[in-house]
Amino acid sequence: MKKLVNNPADVVAEALVGLARAHPGRLRVDHVNRVVQRADAPVRGKVGIVSGGGTGHEPLHSGFVGPGMLDAACPGEVFTSPVPDQMLAATTAVDGGAGVLHVVKNYTGDVMNFDMAAEMAAAESGVPVESVVVDDDVAVQDSLYTAGRRGVGATLFVEKIAGAAAEQGRDLAGVAGIARRVDAGSRSMGMALTSCTVPAKGSPTFDLPDDEIEVGIGIHGEPGRRRVPIAPAGEIAEMLVEPVLSDLDFTGSGGVLVLVNGMGGTPLLELYLMYGEIAALLDKAGVSVARSLVGSYVTSLDMAGCSLTLLRADDELLSLWDAPVSTTALRWGM
Amino acid sequence: MPDTTIDADALGRWLRAFAAAIAEQKDALTALDAEIGDADHGANMDRGMQAVVAELDGAAGGDPAAVLKRTGMALVRSVGGASGPLYGTLFLRMATAAGSAGLGPAGFSACLRAGLDGVAARGKAEPGDKTMIDALSPAVAALAEAVAAGRPLAEALRDAAVAAERGRDATTPMVARKGRASYLGERSAGHQDPGATSAALLIATAADTLAG
């Protein structure tokens, strides 16, 4: 393993030291409770938005803290959900009197820890908390026999759009409602060219031969649904587009919001090439692109590969998407 | 005839032995998790049990319920992932069931059952889902049966440990229905469950330490 680390056990704490030093006016980092919050939190009268999850997915979530998006992020250990104490500290720190929305990716650990945090918030602090669980990954069958679909790329859409709704002054029920609508209208599919390497383990999580790819991966280096021979980008684009379009009808008049997301180890050159292939496939399927975003936003450490997320859009969702946002990783309109 | 009673010191020996077993098996647990999960179970449990040992070193004594409660809180605070709430809930429910009295065989058996019920409720899982419950559930049943038959605690715990190991082994062919491995569907079969593996260590170290 070649990585820029000192002691693998200190990776998260030391990264937070760097994050705080890099963005002093914008972010405030509580190193004791391990909470990254916007410098001006709590914002009086505004619904607070808290998310969190394992680290290794940067810029998710700490890169999305700032006006127009998250009020706080709770980074867990690498690929491990944060703990309830952290989430409780974040919730009380950003409550501006209008309650707090928890944005939770549908992974068992995240769901259980956020559940415990919401119970503690109700018992100890009296802050009203609503939760939205993001579950957009079509690679996982949503059935009684799994823990549901995973939450992946749509987390960015939920955080941006709910963040804008909160900034407009909507109440907790309204912000939670729009967050759930974004999740319900989003679907994702991902693939990996290589495994990632977790610092504490020091070797790739899975072995992937040079001539094979893993289709249907999540964002933790967990193996995907199937392994197939490497193919040209155009064919890989089909492997992503087809299952997304067959899971939900995206041909409505409002068009779609498209995210072509890098997993951490894939250059923008290849991501734009993939976007071209995907956009052509969407044209062919009669799906009109209203907005697009290309880049590495919901990553899996150093994994090479990409994912596609589509959101069924309408005027309201697009105007919230276009609303100003000022975070370290996503910034427009201000 | 007065049988063995588990006091706070015995619980401390158990928890330290479990922490040592986890430290020793850390890489093996992580390797199991890499096959069907996300390769963090060993590192997470080791971080949590180190926090428990630090807690035991820092606050000596107390009644059994207090030791169990501090253990549960230390795990919830330090582990994260799914293991934190699940192992944390196990010990917190055991603490509630333990009350402030010492624990005889029947009391300990009831406590462990309360812990198991808590884990099942928190994880919304049941036997056959390929989780730690597949090791804990047969262990709790074996312990209750041996205690009801009037066998000494040491023997009853040994039965529980054997049952936990059988339950752990039985997870290998299962298709996961809960937790991160469930996202793999059929591909999760053929791999021993890491949670059931650490749970079997928990019961094995109880058999080694709790009966004096």
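## Contacts and basis of the model

A contact means heavy atoms within 4.5 Å. Among contacts in chain B between residues at least 6 apart in sequence, 70% join residues at least 24 apart.

The model is predicted: local features need pLDDT of at least 70, side-chain atom pairs count only at pLDDT 80 or more, and totals for chains, interfaces and linings use all residues. Residues are numbered from 1 along each chain as its sequence is written, chains are lettered from A and ligands numbered from 1 in the order in which they are written, and side-chain values use heavy atoms, with hydrogens and water left out.

## Chain B: fold and dimensions

From the N terminus the order of elements is α-α-α-α-α-α-α-α. The radius of gyration of chain B is 16 Å, close to the 17 Å given by the globule rule for 212 residues, so chain B is as compact as a globular protein of that length. This radius is taken over C-alpha atoms, and the rule is 2.2 Å times the number of residues to the power 0.38. Along the principal axes, the C-alpha atoms of chain B fill a box of roughly 50 × 40 × 30 Å.

## Chain B: surface and charge

Of the 212 residues in chain B, 57% are buried. Buried means under 20% relative accessible area, exposed means over 50%, and partly exposed lies in between (1.4 Å probe, protein chains only). Chain B exposes about 7,700 Å², and carbon and sulfur atoms supply 54% of that area. Accessible areas come from the Shrake-Rupley method with a 1.4 Å probe; for residues, only the protein chains shown count as cover.

Chain B carries 20 positive and 25 negative charges, and their mean positions are 5 Å apart. Lys and Arg count as positive and Asp and Glu as negative, while His and the chain ends are not counted. Each charge is placed at NZ of Lys, CZ of Arg, CG of Asp or CD of Glu.

## Salt bridges

Over all chains, the whole structure contains 25 salt bridges, each being a side-chain nitrogen of Lys or Arg within 4 Å of a carboxyl oxygen of Asp or Glu. One of them pairs D302(A) with K3(A), with the closest N and O atoms 3.4 Å apart. These partners are 299 residues apart: D302(A) lies in the loop between β11 (289–295) and β12 (305–312) of chain A, and K3(A) in the segment before α1 (11–22). D302(A) is partly exposed at 34% relative accessibility, and K3(A) is partly exposed at 27%.

R181(A) forms a salt bridge with D314(A), where the closest N and O atoms are 2.8 Å apart. R181(A) sits in helix α5 (residues 172–184) and D314(A) in the loop between β12 and α8 (315–322) of chain A, 133 residues apart. R181(A) also forms a salt bridge with E316(A), at 2.4 Å between the closest N and O atoms. E316(A) belongs to helix α8 of chain A and is 135 residues from R181(A). The relative accessibility is 34% for R181(A), which counts as partly exposed; D314(A), at 24%, is partly exposed, and E316(A), at 32%, is partly exposed. Elsewhere, salt bridges that share partners join R38(A), D40(A), K46(A), D71(A) and E167(A) into one network.

## A loop glycine in chain A

G169(A) is found in the loop between α4 (154–167) and α5 of chain A. With a relative accessible area of 53%, G169(A) is exposed. Its C-alpha atom is separated by 39 Å from that of A237(A), 68 residues apart along the chain.

Notes:
Helix = DSSP H or I, 4+ residues; strand = E, 2+ residues; numbered from the N terminus.
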